[in-house]
Amino acid sequence: MAFRTLDDASSLVGKTALVRVDFNVPMEDGRITDDTRLRVAIPTIQKLRDAGARVALLAHFDRPKGKVVPSMSLRPVVKPLSDLLGAPVRFADDCIGPDAVAAIADLDAGGVILLENVRFHAAEEANDPAFAQKLADLGDLYVNDAFSAAHRAHASTEGIAHHLPAYAGESMRRELDALDAALGNPRKPVIGIVGGAKVSTKLDLLRNLVGKLDRLAIGGGMANTFLFAQGIDIGGSLAERDMAETALEIIAEAGSKGCELLLPVDFVVATEVKPGAASRIVMAGDTLSAADKILDAGPATVARLVEALTASKTLIWNGPLGVFEVPPFDTATVAVAHHAAALARAGVLVAVGGGGDTVSALNHAGVVDDMTFVSTAGGAFLEWMEGKPLPGVEALRA
């Protein structure tokens, strides 16, 4: 994947870098409760400071829908960011116009300023060319370090890149390198794990993956739909029964493209979803009652997945194998995650995971730091897995 990075930029001394970051952080009562997204931005900010550039940060927060909403101001981010950076961070009350121009002009080399929420302007999400030009007028180069917003063609993620030299930031570079290693130019054989509740939300994803993977394991509520489509009794389990025909089409497509589908051969069932609920292991094909719910993959399915992982060189993972939030129905997800992490730690498996539930599940298993790469981008990660071009990334192509 050929894209421009800051290593391709010429001397940055005295120049102003407009850096798109993702500071859409969780907040309660005006205080940040998780500063992960701030930490992720530090390497890019510091690299630019060390190169003698002025750094102006562009970001959105929440959904103000083109209006100034004081509770959605980025001002509360300033102090935590300054503490992490170990340097003062200024704040501008707007992201365009005279105030922004004056505030940036007042910065010394290496100085950092956070501009107010770009979504206070309706022109941001409309990707209005005039607004993109006003943003571009503030700087000498553009750096996109927000992969999580790269699937949106907004003024600060795509439009601005047409007006300035555009580069990937350090976080964006790591994300793109990891994703290229997972699907773009992977070491084979490649296995995918796709879980979650609904087939309907991941149709594009499944159809793209069966054409690229050697094996695809399907888990969670999605697997129930595939089992039901094949006439296997799933009792009262969560499933999209009206998607049975589509599931059969995907099975056929996988077969025609040489992708081995790994569906559960046994599962854990219970009549209620609560911690410590009584459960039992059932083989696929056994008769279930209407009260029985499939809530996790069984030990034989886990053993099959562990064997498949051991035989693979690359893993791409999106979605848990069961209701991992409610023990004991986290068993399969945790066991497979531990094995994948051990292989990654040993350097024999490139293990990449992403998507909201996946990040939570891997955190729950305590393996995030051992995986090769875990993407916190939700929609952008999914669209990339679906094979769709991401506007914010396309704008950085060399």
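Helices (H or I, at least four residues) and strands (E, at least two) are taken as DSSP runs, numbered from the N terminus. Residues are numbered from 1 along each chain as its sequence is written. The model is predicted, so local features need pLDDT of at least 70, side-chain atom pairs count only at pLDDT 80 or more, and totals for chains, interfaces and linings use all residues; side-chain values use heavy atoms, without hydrogens and water.

N127 sits in the loop between helix 4 (122-125) and helix 5 (129-136). Its phi is about 55 degrees. N127 is buried, at 18% relative accessible area (buried: under 20%; exposed: over 50%; partly exposed: in between; 1.4 Å probe, protein chains only). D29 lies in the loop between strand 2 (27-28) and strand 3 (31-32). The phi of D29 is also positive, about 55 degrees. D29 is exposed, at 82% relative accessibility. Most residues other than glycine have a negative phi, and most peptide bonds are trans.

Two cis peptide bonds follow. One joins K188 and P189, with omega about 0 degrees. P189 lies in the loop between helix 6 (170-184) and strand 9 (190-194). The other runs from P327 to P328, with omega near 15 degrees. P328 belongs to the loop between strand 15 (314-318) and helix 11 (331-345).

Six strands form an open, parallel sheet in the order 5-6-4-1-7-8 (pairing: at least two bridges found by DSSP). Strand 5 (89-92) and strand 8 (166-168) are at the edges with a single partner strand each, so one side of each lacks a neighbour in the sheet. Strand 1 (residues 16-20) pairs with strand 4 (residues 54-58) over five bridges, in the parallel sense. V19 stands opposite L57 in strand 4.
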